[in-house]
Amino acid sequence: MELRGAKVKQQRTKRAIETGHNRTLVAGAVFGVLFLVLAGRVVDLSLLRGNQEPELVTSPAREEIETSRANIMDRNGILVATSLPTDSLFVDSKAFLEAGEKPTMAARKLSRLLPELSMDKAVKHLASGKRFEYLVRNLTPEQKYQVNLLGIPGLHFQREERRTYPQGPLLSHVLGYTDVDGRGIAGIEKSFDHQLRAPDGTLQLSIDVRVQSVMRQALQEAIDEFKALGGAGVVMDVQTGELLSLVSLPDYDPNDTNTIQGDAGFNRATKGVYEMGSIFKLINTAMALDSGVVNINDTFDASKPLRIGRFSISDYHAHKRALTVPEILVFSSNIGSAQIALEAGADLQREYLDRLGLLNTTSVEIPEVGAPLVPVTWRKSSIMTISYGHGIAVSPLQLDSAISAIANGGVLHSPTLLKIKKGEKLPAQRVISQKTSEQMRKLMRLVVLQGSGKNANSKYYRVGGKTGTADKQEGGKYNEHTRISSFIGVFPMENPRYAVLAMVDGPQGIKRTFGYATAGWVAAPIVKKVVDRIGPMLGMSPSPAVEEAYKPGDPLFIKTKG
Amino acid sequence: MTRLTIALTAFLALALSIAVFRITYQVDELEGRLHSLNTEILDEQETIHILKAEWSYLNDPHRLEVLAKRYLGLEEMTGEQLITLETLDQQPPATVENPKAKPVKLER
C-alpha cells in the first residue's frame, strides 16, 4: 500500500516536471521568435532603411497663404487683385436669448459701432432664435475689436475672404469685380473665374499699371476740360497684340460695387461700338494702295461736294481742287476718300475690313465685348460713307488692333490682356503687304506733321496717326453738337512699337480751343501726353531729331497752304 | 555575484526609464513649440499677404506721382533724359555753374 502510494506520487511529480518543462519551452520559443522579430526590425531600421526615415517635421511648405481665389498681377508683377482675410459677424440667436440678453439693448450698441447695420435689422436677427444669422459681413479689424469689447454673448466671427483691388478704380473695367461670395461677375474676374479658384491660378496681365495710370489721367483731364460724357483709351503693343492699357471712363471702384452707377459699368473701350470717323481713311487708303486700285500719284477731284441720292458728301476743310492720295489723307478729304472707295468697290472694301477684323466681334479675354454694326446691304452710299468712317460702328479696341496691323508691317495680332511669355509663338495673320505698311507709316507721319494731327506731335518720339471726328447719331439723325473725337497714334514711326488710341465721347467746345471740339483739339493732345510719358517709362530711346522732309516732286510732298 | 547583477539591472532599469521619460517630455515640449512656430509662420504669412496688398495700394502710380511732385520736387521724365552710349559725347554740356570750369571730357 505504502509502496503503491510512493509510486503514484513519483509519477505525479514527473508529470508536473514535464508540464513545466513544456511550458517553459513554448514560452521560450515565443519570446525567442519575438526577439528575433525585434532584432530583424532593428537591423532593418538601422542598416537597410537608415536614410529613408519619414520626416517628422511638418511645416507650411508654401510661401504664400492659401486663399480661395488667386492673385492677379500686372505685367511687372504688381498686385492688382488679391483676397484678404476678413471676419464676418454672425449671431447665434439661441445662445443669445438663453443668456437672457435684451435684443434692443444689444442692437443699439451694435448699430452704434457698425454704421451699415440698421437697428431694425439687428433686432430682428438677434431675436430670431436661429443658430446662424449674418449681422454684418467683412468687418475691419478695428470693428472686430470693438465688437469683442462689448462682450455680448452669442456673437461670433466667421473667417472669410474679401476680394481687394489695391489700385481702386484704375483697372476696374479690365478686372471687373466679384460678388460678396467671391464669384467673378465681370471682366477678367468673370472670364477666368474657374482658373482663379484653382490652387496656384495666379494670373499675369499684359497691362502695365503705370501706363494705365498715365492714360486714365490724361483721358480724365480731357473729359473734365471739355465736359465730355466719357472716353476710352487703349495702348497696344503692335508687335504682339498685348494691351498695356485699357481705360474706359467713367469707371468705378471695384472694392465698392455701390459705385457702379449710370454708365460707369459700361466698357466704352471694348463693349461700346462707335462710328469712328476719319480714322477709317487710313483703312481706306491702305486698302486702295495694297490692292493696287489706286497708286500714290493718282489724283481725285475734290472741288465740289459729291451727291448721292438725297445726301451730299462735303469736306470739313474744303480745298476746291484735285487732291493726290496723300493729300486726301492729310487734309482728311471725305470727297476724295469716297471716290477712292468707289474705285475699289464693295467686295474689296468688305474683304479688307474683314481681314482687319472689323466685321466680326473681337476676341479678347473679357466678356464685355461689343459686336460691330455693319450695313446689312452694302449699297453705293455705304461704300462711300464707310470710306470715312460713317455707317459702320466698331469698338475702339478693334480699331486700335486694325491700325496696329496697318502700321506694324501688315500683320494682325488679336488683342490680349494676358502677358505673353518670351518665345511664345503668336498667332498672326498677314493682312496687307510690307510695302503698303511702309507707305502707310509715312502717310500717318505726314498727318501728324502737316495735317489735322499736329497736336499729337511729340518732341521726342515720332508719332504717326489720324484724327477722327464723327457726329453721333441720335434718333436716326446726325447731331453736330454731340460727337466722338478720337485719335490713333502709333510711335515711334521709324520702328512702330505701340499704338495709342484716345476717344472722347461728347466733348463740348471751349474758349481755349476757339469753340472747337474736334479730334485735333481734344484727342490728339491726349495721345501726345501719353506718348511723352510712357516712352521713357518703357525705356524707349527718343527718335533721331533730324527728320528728312519730302521735296517737291516726291508724291509725299504736300503743300499745306494754297 | 547574483546580488551585484540584480543591483546593476535594477539601477539600469531605473536610469533608462528616467531617461525615456525625460526624452518623452522633451519631445512633447518640442512638438508643442513646433506647433506654435508653425502657427506663427502662418500668421506671419498672412500678415505678409496683407502687407503686400498694402504695398501695392501705397504704390499706386498716381499717388506716387503726386507725392514725388510735392515732396521731392521731381518732374515727369521726358525723352531727352534718355541717351545711348553712342550719343553720350554729342550731348551739349549740362548747365555750367562756373563759366571758367572746363567741361569734363568723358572717357569711354
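Reader: How many residues of chain B are in contact with chain A, and how should I read such an interface?

Author: In this predicted model, 24 residues of chain B are in contact with 26 residues of chain A. In general, the size of an interface is often given as the accessible area lost when the parts come together. Here the account is by residues. On the side of chain B that touches chain A, the elements giving two or more residues are helix H1 (2-58) and helix H2 (61-72) of chain B. The largest share, 12 residues, comes from H1(B). Sorted by class, that side of chain B has 9 nonpolar, 10 polar and 5 charged residues.

Reader: How many helices and strands does chain A have, and why is chain A described as more spread out than a compact globule?

Author: Chain A has 17 helices and 16 strands. Its radius of gyration is 38 Å, whereas the globule rule gives 24 Å for 562 residues, so chain A is more spread out than a compact globule. Along the principal axes, the C-alpha atoms of chain A fill a box of roughly 160 × 65 × 50 Å. Of its 562 residues, 45% count as buried. Among contacts in chain A between residues at least 6 apart in sequence, 70% join residues at least 24 apart.

Reader: How should I read the packing of two helices, and at what angle do H10 and H16 of chain A pack?

Author: Two packed helices are described by the angle between their axes and the distance between the axes. Helix H10 (residues 280-291) and helix H16 (residues 434-450) of chain A pack at about 140°, and their axes are 10 Å apart. The crossing of H10(A) and H16(A) is right-handed. From H10(A), the contact is made by A:Leu282, A:Thr285, A:Ala286, A:Leu289 and A:Asp290. From H16(A) come A:Thr436, A:Gln439, A:Met440, A:Leu443 and A:Met444. By class, the residues of this contact divide into 6 nonpolar, 3 polar and 1 charged.

Reader: Which residues of helix H13 of chain A are buried, and where do they lie around the axis?

Author: In helix H13 (residues 346-355) of chain A, the buried residues are A:Gln349, A:Tyr352 and A:Leu353. They fall within an arc of 100° around the axis, so they line one face of H13(A). The buried residues of H13(A) pack against H10, H12 and helix H14 (380-387) of chain A. After H13(A) comes A:Gly357, with a positive phi near 75°.

Reader: Which residues are buried in helix H4 of chain A, and what covers them?

Author: The buried residues of helix H4 (residues 119-126) of chain A are A:Ala122, A:His125 and A:Leu126. Their arc around the axis is only 95°, which puts them on the same side of H4(A). What covers them includes strand E2 (79-91), helix H2 (93-98), helix H3 (103-113) and strand E3 (133-139) of chain A.

Reader: Is A:Ser337 buried or exposed, and which residues is it in contact with?

Author: Burial is read by counting C-beta atoms within 10 Å, with 20 or more taken as buried. A:Ser337 has 30 other C-beta atoms within 10 Å and is therefore buried. A:Ser337 lies in helix H12 (residues 334-344) of chain A. Neighbours within four places in sequence aside, A:Ser337 is in contact with A:Lys281, A:Asn284, A:Ile328, A:Ser387 and A:Tyr388.

Reader: Where does A:Lys454 lie, and what does it touch?

Author: A:Lys454 lies in the loop between H16 and strand E14 (464-474) of chain A. With 14 other C-beta atoms within 10 Å, A:Lys454 is partly exposed. Not counting residues up to four places away in sequence, A:Lys454 touches A:Val448 and A:Gly520.

Reader: Which backbone features deserve attention, such as a cis peptide bond or a positive phi in a residue other than glycine?

Author: The peptide bond from A:Leu249 to A:Pro250 is cis, with omega near -5°. A:Pro250 lies in the loop between strand E7 (243-249) and H10 of chain A. Another cis peptide bond joins A:Phe491 and A:Pro492, with omega about -20°. As for phi, A:Asn138 in strand E3 of chain A has a positive value of about 55°. A:Phe514 has a positive phi near 55° and, with 8 C-beta neighbours inside 10 Å, counts as exposed.

Notes: Residues numbered from 1 in each chain as written. Chains lettered and ligands numbered in written order. Predicted model: local features only at pLDDT ≥ 70, side-chain atom pairs only at ≥ 80, totals over all residues. Helix = DSSP H or I, 4+ residues; strand = E, 2+ residues; numbered from the N terminus. Rg over C-alpha atoms; globule rule 2.2 N^0.38 Å. Buried ≥ 20, exposed ≤ 12 C-beta atoms within 10 Å, placed from the backbone. Contact = placed C-beta atoms within 7 Å. Nonpolar A, V, L, I, M, F, W, Y, C, P; charged D, E, K, R; others polar. Arc of directions from axis to C-beta. Axes fitted to C-alpha atoms, helices over the stretch in contact; angles between N-to-C directions. Left-handed = near helix turned anticlockwise from the far one by under 90°.
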